[in-house]
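User: I am new to this structure and would like to learn how to read it. Where do we begin?

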Amino acid sequence: MVAAAHAADVATGHMVVLKDVLVSFDGFKALDIKAFSVDCNELRVVIGPNGAGKTTLCDVISGKTRVTSGKVHFDGVDTTHLPDVEIARLGVGRKFQTPTVFDSLTVYENMELALPGRRNVWRNLIGSETTAQREQIFALLNRVNLLPDLNTPAKYLSHGQRQWLEISMLIVADPKLLLVDEPAAGLTDRETDLTAELLLELKAQHTLIVIEHDMDFVRRIGKRITVLNEGKVLADGTMDEVQKDPAVIEAYLGR
Ligand SMILES: Nc1ncnc2c1ncn2[C@@H]1O[C@H](COP(=O)(O)OP(=O)(O)OP(=O)(O)O)[C@@H](O)[C@H]1O
Ligand SMILES: [Mg+2]
């Protein structure tokens, strides 16, 4: 059965598949999804009003929250009952709604920690990063204008800089799937522009699920959009398609 599911997912090119997923908190249905799938190298945007279940969807994919019933597959593997560390090891990376960088560490030290295989007890045995890794860190920090702040402790960064540092940390960890929760929240227009460019560049080598409220931002980055409302998929399609959907207008866009 497992082998068959694997073959089916690989054959259809899906990176993420959810089937009949229900997440219930004391009887409250936070997520109730019949079918949801994301292709390899797709950038899917998920929108929906507050409390729609967007973060819970990411929690289910990353294994932070267990489904009450249903199945979750990542890259052909049934991850429904796997611990979150195992799922991360399979290639699921996550950027949370609030940045989670280490305040007392410098920008460079945060990036070092994000390198694959760094956050474990063997860190001291692995030794220092390779020249290639160091060059990759410099290139990424240059892309997000953080090179001048290489040795600045993260606590002195602006909100936008912290968001970029965290996205850069996610990229250097090189996951197959990036779950990005509200990357444009609280950013200035110029900061939002750079964030949109970054996410579009990432699509070449990664699969992304981006949660966002800012509709201009969504229009710029999203080809296919999933609209959640009260835990359910309300609509799924291009920006034009979902914008015309009467149910979407009533639940979200018309407000
Ligand atoms: N651990 C939990 N226990 C109980 N209820 C929860 C839990 N996590 C989420 N919920 C509820 O599930 C619903 C969906 O929450 P979720 O955080 O996924 O929404 P969201 O779409 O990300 O909203 P926002 O736009 O505000 O970030 C909300 O009503 C929330 O209160
Ligand atoms: Mg949320």
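Analyst: Begin with burial: a residue is buried under 20% relative accessible area, exposed over 50% and partly exposed in between (1.4 Å probe, protein chains only). Here Y108 has a relative accessible area of 12%, so Y108 is buried. F138, at 32%, is partly exposed. This is a predicted model, where local features need pLDDT of at least 70 and side-chain atom pairs 80 or more, while totals for chains, interfaces and linings use all residues. Residues are numbered from 1 along each chain as written, chains are lettered from A and ligands numbered from 1 in written order, and side-chain values use heavy atoms, without hydrogens and water.

User: How many aromatic pairs does the structure hold, and how is such a pair described?

Analyst: The distance of the ring centres and the angle of the planes describe a pair. Rings of Phe, Tyr and Trp (its six-membered ring) pair if their centres lie within 6.5 Å; planes under 30 degrees apart are stacked, over 60 edge-to-face, the rest tilted. The structure holds one such pair. The centres of Y108 and F138 are 5.8 Å apart and the planes stand at 35°, so the pair is tilted.
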